[in-house]
Amino acid sequence: MASLASQSMHFGLVALLTYFKFLLHIHCVHSVSLSIITDKEALISFKSQLRSATPSPLSSWNQDSSSPCNWTGVVCNRFGRRVTGLDLSGLRLEGTISPHIGNLSFLRSLQLQNNQLRGPLPLQITNLFRLRVVNMSSNILDGGIPMNITNLVELEILDLMRNQISGTIPEELSRLRKLRILNLARNLLWGEISPSIANISSLNDLNLGTNNLTGTIPSDISRLQNLKILDLTINNLNGSVPSSIYNMSSLVYLGVASNRLWGRLPSDVGDRLPNLLDFNFCINQFTGTIPGSLHNLTNIQIIRMAHNFLEGTVPPGLGNLPFLEMYNIGFNRIVSSGDDGLAFITSLANSTRLSFLAIDGNLLEGVIPESIGNLSKELLKLYMGGNLIYGNIPKSIGRLRSLTLLNLSYNAVSGEIPVEIGQLEELQFLGLAGNHISDSIPNSIGNLEKLNQIDLSGNELEGEIPSTFGNFHRLLSMDLSNNRLNGSIPKEILSLGSLSTILNLSNNFLDGQLPQEVERLENVVTIDLSNNRLSGDIPSSFQNCKSLEKLLMANNMLSGPIPSTMGEVKGLEVLDLSSNQLSGSIPSELQDLQALRSLNLTFNNLQGLIPTGGVFRDFSNVHLEGNVKLCLNLVCPEKAQSRGRLVKIYIIVAITATVAVILLIATLILPTNILLDEDMTAKVGDFGLAKLLMEKRGNQSASISSSSHVLNGSIGYIPPEYGFGEKPSTAGDVYSFGVMLLEIFTGKSPTHESFNGEVNIVKWVEATFPDKVQQVLDHELQHINPEIPQDCLITIIGVGLSCTTHSPDCRVSIRDALRNLKSAKHVLLKQLPIQQNKY
């Protein structure tokens with residue numbers, strides 16, 4: 001019986017166990033199906049907030065699919081039961097990240113980099129506690145870093161670089177003890193770097209560059225003994241680099257460029273950081289010398305120390321760097337001397353991977369060695385400008401066939417441009433400005449068809465501009481100014497439609513007519529042809545230069561009328577056609593140029609009516625002197641003489657008011673004559689304050705007679721108190737200004753022969769003031785328009801007399817003088833007969 005009972009119990013247990021197994025199987029199947037379905041629904045919701053190009057890269061994400069495991073970018077686990085990875089990088093997706101992503105509870109890797117995703121990071125991401133990789137770099141994400149990111153305890157990589165994430169760096173990040181890579185660069189983060197970041201002992205890569213971080217560099221960072229990359233560049237960090245940072249022997253990259261850091265660079269930095277491959281300390285305030293120990297790091301690839309205050313010479317050892325790719329010590333105070341001052345360049349021939357060399361902006365002296373042609377065949381950019389380099393450009397430079405940039409500007413280089421420079425066919429920038437280079441420009445430069453910018457200004461170049469410049473079909477900027485170039489401007493240059501920044505040929509000896517081909521310069525912003533010998537008419541085709549903002553053609557021999565088509569250049573801001581031989585009237589179309597803020601037409605032969613609209617509403621922006629036949633109303637031929645006098649008075653008052661402003665700004669001026677000639681042209685001479693230089697001998701001042709030889713200035717303008725040993729003063733300046741004003745309106749110099757003894761210009765004018773003031777006016781200003789109130793003249797002359805009272809304490813202030821002159825100017829302006837618009 002017992003045996004039978006035992007068997008019955010056994011079979012019962014087996015049956016029960018079998019039943020439970022069946023139930024468990026059914027439950028598991030149901031559970032698995034539900035989980036993968038949940039993942040699919042989360043992904044469909046994620047897709048619903050995205051947009052992409054057609055055809056969509058997510059076209060395989062179909063609601064009708066039984067499983068998402070075969071969808072683009074989706075990775076499932078071994079049995080296809082759960083989604084464990086999502087990689088949608090570089091698919092150009094737009095939109096926001098759906099909160100439903102938080103339902104992918106088995107997700108271990110989330111890679112959404114290189115898209116155009118917007119909005120904040122959804123908080124639901126922090127529910128994915130299995131995540132090991134989060135890469136959302138190169139999007140447009142904003143908002144802050146979620147505080148509860150500490151839930152991601154398995155996280156090893158957090159890369160949010162190149163977004164618009166703001167706020168501070170949460171201290172909670174320090175709890176992610178498995179984090180190896182933390183990349184928050186190129187965002188909008190602010191605040192200080194918390195020392196607690198040093199608690200992430202697993203960190204290999206810490207990149208916080210290009211943010212708005214402030215404060216000092218925490219010395220605690222040096223506790224990250226596994227750190228290989230430390231990038232703090234382009235922030236607002238200050239103070240010195242903690243000494244302990246230089247003990248982080250594991251570092252491969254150390255970058256603190258573009259901050260406000262200071263301190264002396266340790267000479268043994270290369271010994272303390274033996275694994276360093278990239279050293280970037282540019283754009284700070286570091287002092288000391290270039291650490292010679294850096295030249296002992298035979299594996300180093302990049303050394304950057306530009307824009308600091310480093311001194312001394314270039315240390316030896318550059319020949320030890322076979323893997324060097326960039327060497328930048330520009331804009332420091334590095335020195336060298338003698339013809340061999342640049343010999344260190346020869347050592348760099350061993351750096352066969354060198355692609356960037358910058359030694360510009362220092363105090364380096366010497367001749368460019370012929371061995372420069374032995375530098376790396378991979379050299380792309382060579383900066384040597386702003387030094388004390390002299391001698392010729394070696395012909396061997398033509399062997400640097402990979403160069404895209406060559407800058408030797410602002411040195412003392414002489415000789416000719418070697419023909420071999422035309423072999424640099426990859427060159428995009430050629431800068432030789434500010435040297436003593438002579439002879440003609442070689443035709444071979446025309447071989448540089450990839451040039452974007454050429455600057456040969458400020459040399460002693462002669463001859464014609466080569467027509468081969470027409471090969472520069474990619475050129476954006478050309479500056480050949482301040483040379484001795486002659487001949488006509490080649491049509492080929494004016495056909496370079498790619499020019500967009502500037503065409504500057506000013507201050508040469510160019511002659512001939514401007515060809516109509518100038519119309520092809522549709523994209524150029526500035527054209528400067530001033531100070532040459534150009535002749536003939538101004539081409540009407542300038543109207544096609546739609547991007548033109550500045551047109552400068554002063555001091556030439558251009559003739560004929562100003563083309564009315566200038567009014568079609570709607571973006572024109574500055575137009576200077578002064579000192580030519582232009583004739584005819586001022587085109588009324590110029591007043592339609594709403595952007596025009598400066599117009600200079602002085603010293604031409606223009607005539608007729610001056611427009612009244614646009615820029616002509618404010619005469620301070622318009623310069624018309626030296627055009628005697630210009631007038632301000634329709635009947636100017638009949639009343640030219642009277643009106644000329646009136647305009648002359650207005651100009652005089654405007655000039656003296658301007659001088660008063662100058663006097664307010666500069667306390668020291670030497671006044672002499674400011675007169676108007678028969679062309680109504682202001683003549684400004686030796687203008688400044690008479691200075692009294694009293695020599696002190698012991699405790700006694702020099703006597704008046706012995707100090708008279710140091711009384712500098714023009715007799716007649718010197719205030720009386722200066723003759724008694726008074727120091728130069730503001731009141732003295734006012735006196736000199738008053739004498740100048742009286743001289744301008746009377747036409748008599750204070751040293752005129754009629755003034756002798758007790759009679760001077762001041763007392764002479766006082767004798768007629770105020771009732772007979774017309775008697776002392778310059779004969780050119782007498783018989784003026786009777787409509788001008790007598791009070792206006794009395795005000796002007798009164799300013800002169802108030803400035804020249806004998807006692808310094810009784811003189812009017814220059815501010816009050818300026819206010820009265822401005823008042824008179826406004827009265828005169830209202831009397832000028834301006835043509836009214838008929839419509």
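This is a predicted model: local features need pLDDT of at least 70, side-chain atom pairs count only at pLDDT 80 or more; totals for chains, interfaces and linings use all residues.
**Stop 1: the whole protein**

Start with everything shown as a cartoon. The protein has 839 residues, and 49% of them are buried.

**Stop 2: the cysteines**

Select Cys-69 and Cys-76 and show their side chains. These two residues form a disulfide, with 2.1 Å between their sulfur atoms. The structure holds one disulfide, so this is the one to look at. Turn the view until you can look along the S-S bond. The angle about that bond is -95°, and the link is left-handed. That settles the opening question.

Next, colour Cys-76 by accessibility. Cys-76 counts as buried because its relative accessibility is 18%, under the 20% cut-off.

Then select two other cysteines, Cys-545 and Cys-810. Which is buried and which is exposed? Cys-545 has a relative accessible area of 0%, so it is buried. Cys-810 reaches 57% and is therefore exposed.

**Stop 3: the cavities**

Rolling a probe the size of a water molecule over the atoms shows where empty space is left. How many cavities of 30 Å³ or more does a search of the whole structure find? The search finds two.

Begin with the largest cavity, which has a volume of about 80 Å³.

Move on to the second largest cavity, which holds about 60 Å³ of space. Its lining includes Ile-169, Pro-170, Glu-171, Leu-173 and Ser-174, and also Ile-193, Ser-194, Ser-196 and Ile-197. Here the classes come to five nonpolar, three polar and one charged.

**Stop 4: Pro-170**

Stay at this cavity and pick out Pro-170, one of the residues that line it. Pro-170 sits in the loop between strand 10 (166-167) and strand 11 (181-183). With a relative accessible area of 6%, Pro-170 is buried.

Pro-170 is in contact with both, leaving aside neighbours within four places in sequence. Draw a distance from the C-alpha of Pro-170 to that of Met-147: the two lie 6.4 Å apart in space, although 23 residues apart in sequence.

**Stop 5: Ser-250**

Go to the loop between strand 16 (238-240) and strand 17 (253-255), where you will find Ser-250. This serine is buried, because its relative accessibility is 18%. Where does its side chain reach? Follow the side chain of Ser-250 to the backbone oxygen of Leu-227, at 2.5 Å. Setting aside residues up to four places away in sequence, Ser-250 touches Leu-224, Gln-225, Asn-226, Leu-227, Lys-228 and Asn-275.

**Stop 6: Glu-721**

Select Glu-721, in the loop between helix 5 (704-707) and helix 6. Glu-721 has a relative accessible area of 11%, so it is buried. Show the side chain of Arg-811 as well: the side chains of Glu-721 and Arg-811 make a polar contact at 2.8 Å. Beyond its neighbours within four places in sequence, Glu-721 is in contact with Glu-726, Gly-732, His-806, Pro-808 and Arg-811.

**Stop 7: the second largest pocket**

For the last stop, select Tyr-735, Glu-758, Asn-760, Val-762 and Lys-763. These lie nearest the centre of the second largest pocket, among the 17 residues that line it. Two elements give two or more residues to this lining: helix 6 (730-746) and helix 7 (761-766). Which element gives the most? Helix 7 does, with four residues. The pocket has a volume of about 400 Å³. Colour the lining by class to finish: seven residues are nonpolar, seven are polar and three are charged.

Methods:
Residues are numbered from 1 along each chain as its sequence is written. Side-chain values use heavy atoms; hydrogens and water are left out. On a 1 Å grid over the protein atoms alone, a cavity is a set of points where a 1.4 Å probe fits but cannot get out, and a pocket is an open set with protein on both sides within 12 Å along at least five of seven lines; lining residues have an atom within 4 Å of a point. Grid points are joined across faces, edges and corners, and a volume is the space filled by probe spheres set on the points. Ala, Val, Leu, Ile, Met, Phe, Trp, Tyr, Cys and Pro count as nonpolar, Asp, Glu, Lys and Arg as charged, and the others, Gly among them, as polar. A disulfide is a pair of cysteine sulfur atoms within 2.5 Å. Buried means under 20% relative accessible area, exposed over 50%, partly exposed in between (1.4 Å probe, protein chains only). A polar contact is a pair of N or O atoms within 3.5 Å; within protein, one must be able to donate a hydrogen and the other to accept it, and residues adjacent in sequence count only if both atoms are side-chain atoms. Contact means heavy atoms within 4.5 Å.
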